[in-house]
Amino acid sequence: LSSPSGLTHESHKKDVEQVYLRCSEGSIEWMYPTGALIVNLRPNTSPASYKHLTVCIKPFKDSAGANIYLEKTGELKLLVRDGDRRPSKVYCFGYDQGGLFIEATPQQDISRKITGFQYELMNKGIASDLHTVSAPCRPCSDTEVLLAVCTSDFVIRGSIQDVTNQAEEQESVIHVGVNKLYRQKSKVFQLTGESGNWRGQIKTLLECGVKPGDGDFLFTGRMHFGEARLGCAPRFKDFQRMYKEAKDKGLNPCEIGPD
């Protein structure tokens, strides 16, 4: 978390401050913004790998007081306009497309303004999977499912208990009852106090039209800004079939118990 403050530059409204961020994910909060802020993302990886990185930012719900631009060699491209209230909107760009230039907007009273956002750096392939606009709801092929089992941030066998649609955010929240937890990167799926059952929530696009239904599924996906995002989710019986076929042929990319 980086928290610069514009108050230190109050007498120099046109000052430009530079911030260097070394972590692959985190957040920045600019209190009382005045002047401008240049955010330099310098992850602790080889510069040769930079071209394979995608940067995603997610503004805080109450972020205000500045415009956020993508800057490269002096050219500015507006990314987030001050006052743009789109809940959960995520903005992504290639690392080699430029850096972030945050410019404070004129304010009569800056005392209550805070500009802030979360950021993540990820491999371009993963980012493309999370933010693809081409057929985002299509079923995964057998090969994609088997690969997802090996590479996803979470892999669980479970059932859909309920689905909550969030029209404003254009998302659906799948409430999942977990029968078997194979893997999870973050503690999204946890034991509930009274029943002693594992439960958790997975988000997906509203347009995919997910509805509650009977039977078990194999849920896979990625963690994105602290939330579980749905990837491949075949019915569990279909996963068992494709896993057995691949194992019999020696083609399964990794071992996981299908039962």
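Mentor: Two rings of Phe, Tyr or Trp count as an aromatic pair if their centres lie within 6.5 Å. Keep in mind that this model is predicted.

Trainee: How many aromatic pairs does a search of the whole structure find?

Mentor: The search finds 5 aromatic pairs. One of them joins F239 and Y243, with 5.7 Å from centre to centre and 50 degrees between the planes.

Trainee: Is that pair stacked, edge-to-face or tilted, and why?

Mentor: Planes under 30 degrees apart count as stacked and those over 60 as edge-to-face, with the rest called tilted. The F239 and Y243 planes are 50 degrees apart, so the pair is tilted.

Trainee: Where do F239 and Y243 lie?

Mentor: Both are in helix α3, residues 236-248. They are 4 residues apart, which is about one turn of the helix. Together with F236, F239 and Y243 form one aromatic cluster.

Trainee: Which charged end sits over the ring of F236?

Mentor: That of R157, 4.1 Å from the ring centre. Elsewhere, K89 lies over the face of Y91, at 5.5 Å from the ring centre.

Trainee: Which residue touches K89?

Mentor: K58 does, and its contacts beyond four places in sequence also include S88, V90, F117 and E227. K58 lies in strand β4, residues 53-59. Its relative accessibility is 12%, so K58 counts as buried.

Conventions. Residues are numbered from 1 along each chain as its sequence is written. This is a predicted model: local features need pLDDT of at least 70, side-chain atom pairs count only at pLDDT 80 or more; totals for chains, interfaces and linings use all residues. Side-chain values use heavy atoms; hydrogens and water are left out. Rings of Phe, Tyr and Trp (its six-membered ring) pair if their centres lie within 6.5 Å; planes under 30 degrees apart count as stacked, over 60 as edge-to-face and the rest as tilted. Helices (H or I, at least four residues) and strands (E, at least two) are DSSP runs, numbered from the N terminus. A charge sits over a ring if NZ of Lys or CZ of Arg is within 6 Å of the ring centre and within 35 degrees of the ring normal. Buried means under 20% relative accessible area, exposed over 50%, partly exposed in between (1.4 Å probe, protein chains only). Contact means heavy atoms within 4.5 Å.
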